[in-house]
Amino acid sequence: MDVMPKWAEVVLVPLISLLLAAILSALVILAIGEDPVAAVKLMVDGALGSTYGWGYTLYYATNFMFTGLAVSIAFHARLFNIGGEGQAMLGGLGVALACLYIPWPHWSLALLGAMVLAGAFGAIWAAIPAYLQAKRGSHIVITTIMFNFIAAALLNYVLVNLLRPKGSMDPATARFPEAVNLPTLHDILAPIGISFSKAAPANVSLIVAVLACFLLWVLIWRTQLGYEIRAYGHSDSAAKYAGISPLKITMIAMIISGGLAGMMAINNVMGEAERLVLNSTEGAGFIGIAVALMGRSHPLGVFIAAILFGFLYQGGAELALWTTIPRELIVVIQALVILFTGALDNMVRMPLERLFIALNGKKA
Amino acid sequence: MTLTPSAHAPETAPAIELKGISKAFGPVQANKDISISVMPGTIHGIIGENGAGKSTLMSILYGFYKADKGEIFISGTKTEIPDSQAAISAGIGMVFQHFKLVENFSVLENIILGAEDGWSLSTSLRKARKSLVDLAQEYELNIDPDALIEDIGVGMQQRVEILKALYRQADILILDEPTGVLTPPEADQLFRILGRLREEGKTIILITHKLREIMDITDTVSVMRRGEMTATVKTAETSPEHLAELMVGRKVLLRVDKDIAAPGEIVLDIKNLRVVDDQGVERLKGINLQVRAGEIVGIAGVAGNGQSELLEVLGGYADGSGTVSVNGDPIDLTGKYSDGKSRRKRGIAHVPEDRQREGLIMEYAAWENIAFGYHDDPTYQTGFLMNNAAIRKDTVDKMARFDVRPPDPKLAAKNFSGGNQQKVVLAREIERNPDLLLIGQPTRGVDIGAIEFIHQQVVALRDQGKAILLVSVELEEILALSDRVAVMFDGHIMGERNPTETNEKELGLLMAGVET
């Protein structure tokens, strides 16, 4: 029997885990001689206190939604896609090619075109390890990690030797034409009378990311394909019995996963930088793993976790800017969050289960 | 207390005594306040359904788990058993269901493994060889000390396990489901050995779910149900029916009621079927078998003689060669159309041997499992999406017809008991009205109460004129259900028998590869 009510499972466990991570973080801040209360205030103010802060928080969250969803769908097929970083880099290349070489009449068409190319590039980058896993048994964790390095090297080569404008010393593409610049939240919200910071990078990609969360939820829980992916993820022997092809599921799950990671590029490359630079992904591919873990691979969970991590990113940047707390401490806090919500899940779950048993026992 | 015909004085302290042992795994109370006392020189049986807590209790005794509460007394002295080393030094030896032997070591090397003395292997071996000879004489446990484990049969391997325990001076032997992998003659031999050990004053605890073994060899028997010890009785004063009732908590029918079969057309026709496994070993070596409409053909055999491979290739998830026809048309044995989906389209339903690994997704709710394998059924779809409401409705109906308890379609498969899990699989497969039903180990790990129901369903399907191929390692089940019995040994069919004209002895010889 399930011993805990669903609300406790979904809300209480992660909440307590987060609280524990926060307490431990506070102790660390105390230990380096800073005031944790002031630090929290600064983070909240910086990330959520203004539309400028929100704009950055949501911008980061958009990245993390794409990569978090990418890791989640692979998780459902029990595949650990650590290659989100590389797939997102390749997605950036797709976006750059779409924006630089196709004369788009309007940004909306450009967005669609860039999404297709970014998704396709990311998908291909994920499909190779998937094929090697399904056909040759090469472990997908190893191959996807290796493909991150290959992607970085490839991007380096392409930027330096092929896409760099003549005379430029910067390993980056030329600026994308004006026509493909995506509307920011400021542009979107102004017509309905909400004033939003002009400087913040959050853009229309956020809406695409939220839409992707919903569509992925439909795919996983409401379609035959999702049913087969989850079945294969839970038990490959049972999937074999039912006639679900491991090759097909591995390929499809990884192609969707890579496609989502690649599509992140519409946010950071097309929406923010408006050109392709080296290291445009800034580790978002790896944060996606934490987001998926914390979100329990559920699209709604990923949505919430992405915003939390967006807050941590933006708040952390503010901390580094205004205090002597080093930027690295944010990595410590993120690590604590991952540790408590992912790895130490049972530490919170078990005592809670016992508590609920005791409570139920008294009632019975 | 004189429970036994042993030579020991009645006032002797019990060889082993447990007082109020409790153990919980998270929310599951595996053992609840269990007390037993076993006199030296007796065989004590512990019987109970799967999940009753027998294995947990023995794991506590052998130091694998720590009890939450309770005390253990060995020969009257309170003893702590924090690990298996402590158990061994307290004189407890364990023979596991799955042997812990090094395949490419000799018998002798396996026996001293972990009990070597000194730095030189040759002195240990010499010493062990001598005591092995003594042990063999004392207990009539003859064995070639230099034979490699991989070259000797399972019966002999089990003997090595017993010798390992005796070499470590065990006075108390625990055997966990020891006959699961043995042929009937091997089992008889094991019981003779156990009898001999009892004569020599050893104490034996036999864990089993087979009533017949309890009746044949034990002096006293304890019955476990849902983590509790429900009764301890003298074997001579009880009956199988009574024990079954104690195990289940109600009266059970131990026989299967069925009329004589009326076989019709050939449904399944297997000709020269061969299967080679991943390691290149030929597991099926030319099987020829027919199953007609309206009959149950039972495949008997010791586990591992090709029965699983037969089900796998017929179920579409192992490749084979040869010809297999269903209703006169051959089915693909390799390639794209040799999978579970294609088999179902040809009217073949399959209740696999291992429902937890194959037949069910344990994390899926009952309704998702009812659709499993049939999830492309058009009635389960609305456009691009799955019609979950329709599946749930279908599940409620099927659960009601198969008396699945609790009748909650949203409960995950892992939260049902073994018997109810099996009913979910049966409901899914039988309700599809197949021409041919493949069914493996239909009642393995299933409580006695559910066995009755499952057998009735299988017979009912036969009476509707369907062909049924039954694989089971339980000979009693094969004899009770089948209209024709084929015995498999080493990838061959040794012969077919009529269950009313044969007996366990004859089948046992065939199972051991002896022509009769």
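Analyst: Ser237(A) is called buried because its relative accessible area is 15%, and the term applies under 20%. The model in which this value was computed is a predicted one. Ser237(A) belongs to helix H10 of chain A, residues 236–242.

User: Which residues does Ser237(A) touch, not counting residues up to four places away in sequence?

Analyst: Ser237(A) touches Arg357(B) and Glu358(B). A contact requires heavy atoms within 4.5 Å.

User: How many residues of each chain are in contact, and how much area do chain B and chain A bury between them?

Analyst: The contact involves 32 residues of chain B and 24 residues of chain A. About 2,400 Å² is buried between the two chains, with 57% of it on carbon and sulfur atoms. On the chain B side, Tyr317(B), Tyr364(B) and Met386(B) lose the most area to chain A, together 22% of what that side buries.

User: What makes Glu228(A) and Lys341(B) a salt bridge?

Analyst: The closest N and O atoms of Glu228(A) and Lys341(B) are 2.9 Å apart. The cut-off is a side-chain nitrogen of Lys or Arg within 4 Å of a carboxyl oxygen of Asp or Glu, so a pair that meets it is given this name.

User: Why is the pair Glu177(B) and Lys54(B) called a salt bridge, and where do the two residues lie?

Analyst: Their closest N and O atoms are 3.7 Å apart, and the name applies because the limit is 4 Å. The pair links distant parts of the chain, 123 residues apart. Glu177(B) is in the loop between strand S7 (172–176) and helix H6 (184–199) of chain B, and Lys54(B) is in helix H1 (residues 54–61) of chain B. Both Glu177(B) and Lys54(B) are buried.

User: What terms apply to Asp463(B) and Arg462(B), whose side chains meet in a salt bridge?

Analyst: Asp463(B), at 49% relative accessibility, counts as partly exposed, because exposed requires over 50%. Arg462(B), at 2%, counts as buried. Their N to O distance is 3.0 Å. Salt bridges that share partners join Lys258(B), Arg462(B), Asp463(B) and Asp483(B) into one network.

User: Into which domains is chain B divided, and how far apart are the centres of domain 1 and domain 2?

Analyst: Chain B is divided into domain 1 (16–248), domain 2 (253–347 + 434–516) and domain 3 (357–420). The centres of domain 1 and domain 2 of chain B, taken over C-alpha atoms, are separated by 33 Å. Their contact takes 15 residues from domain 1 and 13 residues from domain 2. About 1,000 Å² is buried between these two domains, and carbon and sulfur atoms give 71% of that area. The count of salt bridges between domain 1 and domain 2 of chain B is 0.

User: Which residues make the nonpolar surface patch, and why can Met347(A) be part of such a patch?

Analyst: The patch, of about 630 Å², is made by Leu19(A), Leu20(A), Ile23(A), Leu24(A), Leu27(A), Leu30(A) and Met347(A). Helix H1 (residues 6–31) of chain A gives the largest share, 6 residues. Met347(A) is in helix H16 (residues 345–363) of chain A. Its relative accessibility is 44%, and Met347(A) therefore counts as partly exposed; patch residues need over 30%.

Technical notes. Residues numbered from 1 in each chain as written. Chains lettered and ligands numbered in written order. Predicted model: local features only at pLDDT ≥ 70, side-chain atom pairs only at ≥ 80, totals over all residues. Heavy atoms only, no water. Patch = residues over 30% accessible without salt bridge, like charges linked within 9 Å, V, L, I, M, F, W, Y side chains within 5 Å. Areas by Shrake-Rupley, 256 points an atom, 1.4 Å probe, with all protein chains shown as cover. Helix = DSSP H or I, 4+ residues; strand = E, 2+ residues; numbered from the N terminus. Buried < 20%, exposed > 50% of the residue type's maximum accessible area, 1.4 Å probe, protein only. Domains from an automatic or database assignment. Buried area = accessible area lost by both parts, 1.4 Å probe.
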